[in-house]
Number of protein chains: 2
Amino acid sequence: MSIQTQIDPAQEPSATQRAYLAIRRMILIGELPPGEKLKIERLRTILDMGGSPIREALTLLVSDLLVERLDQRGFRTAEISPQNFSEILNLRCHLEKMALRESLTNADHAWEDKLVISHHRMMREPRTNVEPFEALHKAFHMNLLSACHSPVLLKFCNQLYDLNIRYRYLAGKALNYSKRDIGKEHTDIMNAAVDRDADKACHLLLDHYRNTGAFLEKHFVTEAAE
Amino acid sequence: MSIQTQIDPAQEPSATQRAYLAIRRMILIGELPPGEKLKIERLRTILDMGGSPIREALTLLVSDLLVERLDQRGFRTAEISPQNFSEILNLRCHLEKMALRESLTNADHAWEDKLVISHHRMMREPRTNVEPFEALHKAFHMNLLSACHSPVLLKFCNQLYDLNIRYRYLAGKALNYSKRDIGKEHTDIMNAAVDRDADKACHLLLDHYRNTGAFLEKHFVTEAAE
DNA sequence: ATATCCAATAATATCGATTTTCTGCTCGGT
DNA sequence: ACCGAGCAGAAAATCGATATTATTGGATAT
């Protein structure tokens with residue numbers, strides 16, 4: 001068995017899997033705007049496959065809250081709203097706090113290594129490569145929580161993360177965090193985590209989220225006023 | 001337009017919907033035991049429909065954590081474990097506490113009426129009618145939270161509730177809450193909620209869950225030892 | 001002019017058949 | 001006797017076609 005096979009056990013992802021990832025990406029980055037009707041026929045031609053895997057992928061996305069199903073009337077991308085945004089933010093803060101505390105309780109050396117590596121990778125990626133950077137950013141945040149032994153909680157955090165990042169993409173270039181040093185915020189969070197200082201790490205993490213949230217909310221208001 | 005149409009807008013549920021409800025029920029009540037292979041062909045004959053709605057229903061159940069998908073190898077019902085059980089219980093306590101507090105903040109008269117009605121309906125249903133009683137029991141608990149303005153949080157609570165009730169069914173007849181007066185516990189919770197005493201209501205609710213949880217956990221241990 | 005009904009159209013939901021992938025077993029080699 | 005390659009048989013995944021169901025635009029009656 002080659003190393004290649006070990007690294008890539010899913011040689012050829014199923015059509016459903018491909019469709020799921022492709023549609024999910026299009027929704028997250030805003031290529032499919034909120035409320036957009038998702039016609040099977042159109043997606044079929046774009047992704048070049050039959051209707052069944054498309055429908056299955058959309059069904060998976062319904063549970064991620066990225067797609068809404070209208071009985072007998074097909075699918076559409078989830079709507080956005082300021083209420084929904086602040087709901088996501090608030091829930092995220094609560095759940096990630098729980099997860100982070102639990103994670104720090106169980107944290108071992110292997111976890112610490114993973115965390116440092118993902119931090120490093122994130123820092124070296126230019127923020128202008130938006131999609132690659134965001135992937136590494138998410139990896140860093142999820143690694144923080146990864147020693148938490150509650151798969152369900154982690155799943156929720158992961159879901160909420162994606163819902164939030166969608167708003168980030170939608171706000172798009174309009175965002176410039178001029179007054180903040182995001183890099184330092186991440187480093188501080190990591191250091192507190194490595195020190196197993198749960199109170200400090202939680203405090204820093206939530207501030208990090210709330211600051212970003214405030215930025216986005218402001219942007220929301222501005223846009224709505226236009 | 002007749003009243004009938006208004007009351008029952010979904011005259012004939014789609015095959016997917018029917019399959020979803022039927023399979024979900026079979027898993028919750030333990031008719032499909034944990035870890036069971038879910039063959040499409042078999043479900044097709046049982047539910048008398050094509051493979052597509054079955055697959056879609058199963059996909060929906062994956063997101064409910066009641067079914068696991070094995071890439072290219074079909075579906076099976078979710079496994080159970082003591083770890084999973086206590087994880088569910090713990091998360092449930094945290095999330096329902098949040099939801100209940102928020103709900104009591106927003107609670108109005110209409111909410112109060114709904115709560116009282118659902119409590120009454122639950123109390124008058126004999127506990128020996130297991131499935132109808134459980135439906136009313138769930139309705140009561142969800143009504144407690146229903147004034148909470150966070151759809152996502154409510155969705156999570158709902159999901160966790162179902163995961164938990166599955167364990168309850170699996171433990172089955174073995175359960176007798178001889179030493180407890182479940183009826184009184186519910187009434188006390190309701191009264192605290194009606195009084196908008198959030199601290200008391202949360203305290204009572206969590207005790208209610210944790211007591212049941214301890215019962216079930218004991219049962220788990222006993223069964224594992226057999 | 002407006003609302004209502006109907007027909008044509010478009011899209012979804014579902015089915016049956018086909019293709020692909022897995023699984024267990026047999027057979028030959030060591 | 002044990003291990004692994006190769007071969008059915010079973011099951012899953014996917015496709016293309018059909019049956020159902022919504023939607024739209026226009027004709028008719030008020």
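Residues are numbered from 1 along each chain as its sequence is written, while chains are lettered from A and ligands numbered from 1 in the order in which they are written. Because the model is predicted, local features need pLDDT of at least 70 and side-chain atom pairs count only at pLDDT 80 or more, whereas totals for chains, interfaces and linings use all residues; side-chain values use heavy atoms, with hydrogens and water left out.

The surroundings of DNA strand D come first. A residue is near a strand if one of its heavy atoms lies within 4 Å of it. By this rule 19 residues surround DNA strand D, and the closest are A:A15, A:T16, A:G50, A:R73 and B:R55. Sugar or phosphate accounts for 88% of the atoms of DNA strand D within 4 Å of the protein, and bases make up the rest. By class, this surface has six nonpolar, seven polar and six charged residues. Here Ala, Val, Leu, Ile, Met, Phe, Trp, Tyr, Cys and Pro count as nonpolar, Asp, Glu, Lys and Arg as charged, and the others, Gly among them, as polar.

Three elements each supply at least two residues of the surface near DNA strand D: α2 (15-28) and α4 (51-63) of chain A, and β1 (37-38) of chain B. Helices (H or I, at least four residues) and strands (E, at least two) are DSSP runs, numbered from the N terminus.

The side chain of A:S52 places a polar atom 3.0 Å from a base nitrogen of DNA strand D.

The description now turns to DNA strand C. Around DNA strand C there are 20 residues, of which A:R55, B:A15, B:T16, B:G50 and B:R73 come nearest. Of the atoms of DNA strand C within 4 Å of the protein, 89% are from sugar or phosphate and the rest from bases. The surface near DNA strand C comprises seven nonpolar, seven polar and six charged residues. A polar backbone atom of A:G74 lies 3.4 Å from a sugar or linking oxygen of DNA strand C. The elements giving two or more residues to this surface are β1 (37-38) and β3 (74-77) of chain A, along with α2 (15-28) and α4 (51-63) of chain B.

The two protein chains also meet each other. In contact, meaning heavy atoms within 4.5 Å, are 27 residues of chain A and 27 residues of chain B. The buried area, which is the accessible area (1.4 Å probe) that two parts lose on being put together, summed over both, is about 2400 Å² between these chains, with 63% from carbon and sulfur atoms. A salt bridge is a side-chain nitrogen of Lys or Arg within 4 Å of a carboxyl oxygen of Asp or Glu, and four salt bridges cross the interface of chain A and chain B. In one salt bridge, the side chains of A:R69 and B:E56 meet at 2.1 Å, N to O. On the side of chain A that touches chain B, two or more residues come from each of α2, α4, α5 (82-106) and α8 (151-171) of chain A. The largest share, seven residues, belongs to α8(A).

Sheets complete the account. Two strands pair if DSSP finds at least two bridges between them. In chain A, three strands form an open antiparallel sheet in the order β1-β3-β2. Strands β1 and β2 (67-70) of chain A stand at the edges with a single partner strand each, so one side of each is left without a neighbour in the sheet. Four bridges join β2(A) and β3(A) in the antiparallel sense, and A:L70 has A:G74 in β3(A) as its bridge partner.

Technical notes. Polar contact = N/O pair within 3.5 Å; in protein donor to acceptor, adjacent residues only side chain to side chain.
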